[in-house]
Amino acid sequence: MKLSIRQKLFLFSLVVLAGNGITGYAVYESNQKLHNSEELVRHTEQVIYQSGNVLSTAKDIETASRGFAITNDSTFLEPLFPAEKTVFANIRQLKQLTVDNPTQQVRIDSLEFYMHKLLDFSFKTIELRSKQGLVPAVAYTAGKQGKRYADHIRKITAAIQQTENTLLNLRKQTNGRSQRAFKLVSRVIFISMVAFTIIFLVLIDKYFLQIKEKAERTTELAIANEERTKMVSDLMLRNMDLEQFAYIISHNLRAPVANIIGASSVLDDPELGMDDKEALIKGINVSVMRLDEVVKDLNRILQVKGDINDTKEIVHFSTLVEEIKFSIQNLVDKYNIEIKYDFYEVNEFLTLRGYLYSIFYNIISNSIKYRRNEIKCIIEVKSRLAKNKVELVFTDNGIGIDLKKSGDLVFGLYRRFHNSAEGKGLGLFMVKTQVEALGGRISVQSIVNEGTAFKIEFKK
């Protein structure tokens, strides 16, 4: 029996209702799994964060007692008493967060024990300095008992964080699988609904126009999704930049500032000899120079962020390499360096010339710096066109990098992997920053004692 249009529409409506019920339940289940996995990831990150707070507090306690013992300046004790109150609250919170992990519970008990020991040692040092003076306090701290307590705290915290980082990786993998499952279900639902819509439009000719409008909306959604993805990537990049700056401030600025404060306080001691004063002044000068270097590095990084709107121009790769060879001719002659290039496929690119010169110079000088002395250093630079991309590949036969050990740190700030040459670990960070500022991306492949290859990709 032939069905009428009305009957077909009725059957279609029933199918759609049933499909909506099934797909709605599938989406709900998938979303619940995704939510649960994200909660586990946040829980693990909170444990890592709290353990970091405990370690930071332990460092503050140790610094406060040592600074007071040396200077007898009570301002050093200001962070000590709040730290005494908060550190055990943080440890209790750690115990609550890891109540389902017996191994972590044992470590946290040990952490609490050594924290009590460190506090007792610190207060004993303060008491000796206050009542008996500098010499007994220094003699007491010379036994390095406080350092041993602090070392135990660092080791226990490292073990806690290592365990949690392992859990974090596993839970992130689970979270990734949940996200992929959710996307798959969403795609299936989308495809199913499109199929039902097509059937419905076949039955009713007058809705053909709606098919076209739907396609246009889908295109707009794809463009919006692409823009959102780019926005998320930009936010993640900015967040990484903020983390890098936080690292500089907390690690590279704090140490010289603390040294300057400590040394300056000791200079006020009337019993201090001239030799000791000269040594302290030299130490202050060294710390000031280090502080100045870090500030200069920050300025360089900020300048990269601010110069991206400069005028672009056509740059020839071969000209850049020749200019760099000329500027480092003394190194080329001294170490018998061979620099070869092949820009047959593409030799020009519209970009910021200063940035591209800096990228070429840093990678080439890096290859010279980490060459192998037993063989001739050969550096090759090639370009090629790949679809809508311009690729630049820099290869050398140097000492290489152990990527299994340090692959995720290659482009980090102040990261160095060899002690055979001077450097601050800023060059590759600046290369990556400038490449990304130009809208490109960089990757590295390397084998120890065979060489390294950097590949840079720019949209044409």
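This is a predicted model: local features need pLDDT of at least 70, side-chain atom pairs count only at pLDDT 80 or more; totals for chains, interfaces and linings use all residues.
View 1. Asn101 sits in the loop between helix H2 (80-97) and helix H3 (102-132). Leaving aside residues up to four places away in sequence, Asn101 touches Thr163 and Leu167.

**View 2. Helix H3 has 31 residues.** H3 reaches 45 Å from its first C-alpha to its last. That is close to the 45 Å expected at 1.5 Å a residue. Gly133 follows H3 and has a positive phi, near 105 degrees.

**View 3. Asp109 and Lys95 form a salt bridge.** Their closest N and O atoms are 2.7 Å apart. The pair links distant parts of the chain, with Asp109 in helix H3 and Lys95 in helix H2, 14 residues apart. Asp109 is partly exposed at 37% relative accessible area. Lys95 is also partly exposed, at 26%.

View 4. Arg42 is partly exposed at 41% relative accessibility. Glu39 is partly exposed at 37%.

**View 5. Glu457 and Lys389 form a salt bridge.** The closest N and O atoms lie 3.8 Å apart. Glu457 belongs to strand E7 (residues 451-459) and Lys389 to strand E5 (residues 389-396), so the pair ties together parts 68 residues apart in sequence. Glu457 is buried at 10% relative accessible area, whereas Lys389 is partly exposed at 34%. Salt bridges with shared partners join Lys389, Arg441, Lys455 and Glu457 into one network. The structure holds 13 salt bridges.

How values were computed
Residues are numbered from 1 along each chain as its sequence is written. Side-chain values use heavy atoms; hydrogens and water are left out. Helices (H or I, at least four residues) and strands (E, at least two) are DSSP runs, numbered from the N terminus. Contact means heavy atoms within 4.5 Å. The expected span of a helix is 1.5 Å times one less than its number of residues. A salt bridge is a side-chain nitrogen of Lys or Arg within 4 Å of a carboxyl oxygen of Asp or Glu. Buried means under 20% relative accessible area, exposed over 50%, partly exposed in between (1.4 Å probe, protein chains only).
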